[in-house]
Amino acid sequence: MSSQDIADRHVPSGSGAGSGSGTDTERPRVAVVTGGSRGIGREAARRLAADGLAVVIGYAGNRESAETAVKEITAAGGRAVAVRADVADEQQVAALFDTAESEFGGVDVVVHAAGRMLLASVATLDLDALDALHRTNVRGTFVVAQQAARRVRAGGAVITFSSSVVGLAFPGYGAYSASKGAVEAVTLILARELRGRDVTVNAVAPGPTATDLFLDGKDEETIARLAAQPPLERLGTPADIAEVVAFLASPGGHWVNGQVVRANGGIV
């Protein structure tokens with residue numbers, strides 16, 4: 001781990017993290033959540049912490065949001081740390097998992113919520129932008145999946161994020177949908193590669209969800225039109241998706257494996 005990585009690891013005082021935080025009998029289940037500083041990832045981290053998991057929040061650049069997410073969890077009695085990591089950088093992701101092991105004793109759940117969205121028609125898309133998108137969404141998923149496959153303990157769960165736009169096929173989403181199709185392929189194959197490990201691997205595919213990533217650049221008319229499309233006639237919320245994540249991460253969801261779960265109010 002580089003000096004910068006160490007400098008960007010944040011453990012609030014009184015969080016109970018570290019080798020002296022408890023006895024072996026008190027050791028919690030541990031979750032690594034990428035993209036955990038905002039949106040769905042942040043809500044998933046909070047929800048898992050509420051279920052008693054210690055959480056390592058991975059974030060790309062927004063240190064303040066990551067620290068706030070940690071403070072929210074610790075203020076509610078949970079355990080959390082934040083670690084800066086580019087999900088497409090294998091060394092930084094390895095350091096993220098190292099922190100989970102050194103601070104809390106291991107890894108039981110991986111929620112890979114980090115991702116980028118780029119909207120443009122196939123005809124007009126800048127190919128450098130396409131490469132940057134796929135570096136995060138495709139390579140990033142593969143890098144996180146590698147570490148998860150090597151480290152998640154028996155009884156654990158790996159949860160990636162696709163999108164229901166793979167099924168909706170909205171114009172302008174070609175690059176983004178292609179990246180999420182790749183996420184689904186990696187997820188389903190990894191579930192089969194982990195045969196005998198007692199580790200589940202699933203993808204959650206949200207529909208339109210009220211996050212900054214989704215709302216950015218859309219006018220009120222577009223948002224209202226999308227909200228009206230599902231039979232439930234509203235946008236999803238980060239809390240809706242976090243409940244699905246919590247189920248898949250729990251012992252109660254352990255029989256669900258190798259699936260893409262569309263959490264979208266019935267839009268597709």
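Some ground rules come before the details. Residues are numbered from 1 along each chain as its sequence is written, and side-chain values use heavy atoms, with hydrogens and water left out. Because the model is predicted, local features need pLDDT of at least 70 and side-chain atom pairs count only at pLDDT 80 or more, while totals for chains, interfaces and linings use all residues.

## Salt bridges

How many salt bridges does a search of the whole structure find? It turns up 11, where a salt bridge is a side-chain nitrogen of Lys or Arg within 4 Å of a carboxyl oxygen of Asp or Glu. Three of these pairs are set out here.

| E72 | R42 | 2.8 Å |

Take E72 and R42, a salt-bridged pair. It ties together distant parts of the chain, with E72 in helix α3 (residues 63-75) and R42 in helix α2 (residues 39-50), 30 residues apart. Helices here are DSSP runs (H or I, at least four residues), strands are too (E, at least two), and both are numbered from the N terminus. E72 has a relative accessible area of 39%, so it is partly exposed; the scale is buried under 20%, exposed over 50% and partly exposed in between, with a 1.4 Å probe and protein chains only. For another distance from E72, G52 is 20 residues away in sequence and 14 Å away in space, C-alpha to C-alpha.

Are the two partners buried or exposed? E101 is partly exposed at 34% relative accessibility, whereas R151 is buried at 18%.

D51 is partly exposed, at 42% relative accessible area, but R47 counts as buried at 18%. The story continues past the pair, with R47, D51 and E243 linked in a network of salt bridges.

## How α2 packs

R47 and E243 turn up again where α2 meets α10. The axes of α2 and helix α10 (residues 238-249) come within 8 Å and cross at roughly 50°. That makes the two helices oblique to each other. Axes are lines fitted to C-alpha atoms, for helices over the stretch in contact, with angles from 0 to 180 degrees between N-to-C directions. Under 35 degrees counts as roughly parallel, over 145 as roughly antiparallel, 65 to 115 as roughly perpendicular, and the rest as oblique.

On the α2 side, the contact is made by G39, I40, E43, A44, R47 and L48, and α10 brings P238, A239, I241, A242, E243, V245, A246 and A249. Contact means heavy atoms within 4.5 Å. By class, there are 10 nonpolar, 1 polar and 3 charged residues. Ala, Val, Leu, Ile, Met, Phe, Trp, Tyr, Cys and Pro count as nonpolar, Asp, Glu, Lys and Arg as charged, and the others, Gly among them, as polar.

What about α2 and α3? Their axes come within 10 Å and cross at roughly 20°, so α2 and α3 are roughly parallel to each other. α2 passes α3 in a right-handed crossing. R42, A45, R46 and A49 of α2 meet S65, T68, A69, E72 and I73 of α3, a contact with 4 nonpolar, 2 polar and 3 charged residues. The salt-bridge partners R42 and E72 are both in that set.

## Loop residues

R38 lies in the loop between β2 (30-34) and α2 and is partly exposed, with a relative accessible area of 47%. Leaving aside neighbours within four places in sequence, R38 is in contact with D212 and L213. R38 and L96 are 58 residues apart in sequence and 17 Å apart in space, C-alpha to C-alpha.

Two non-glycine residues have positive phi values. A169, with phi near 55°, lies in the loop between α6 (165-168) and α7 (174-193) and is exposed at 55% relative accessibility. E233 has a phi of about 55°, is found in the loop between α9 (220-228) and α10, and counts as exposed at 61%.

Notes. Left-handed = near helix turned anticlockwise from the far one by under 90°.
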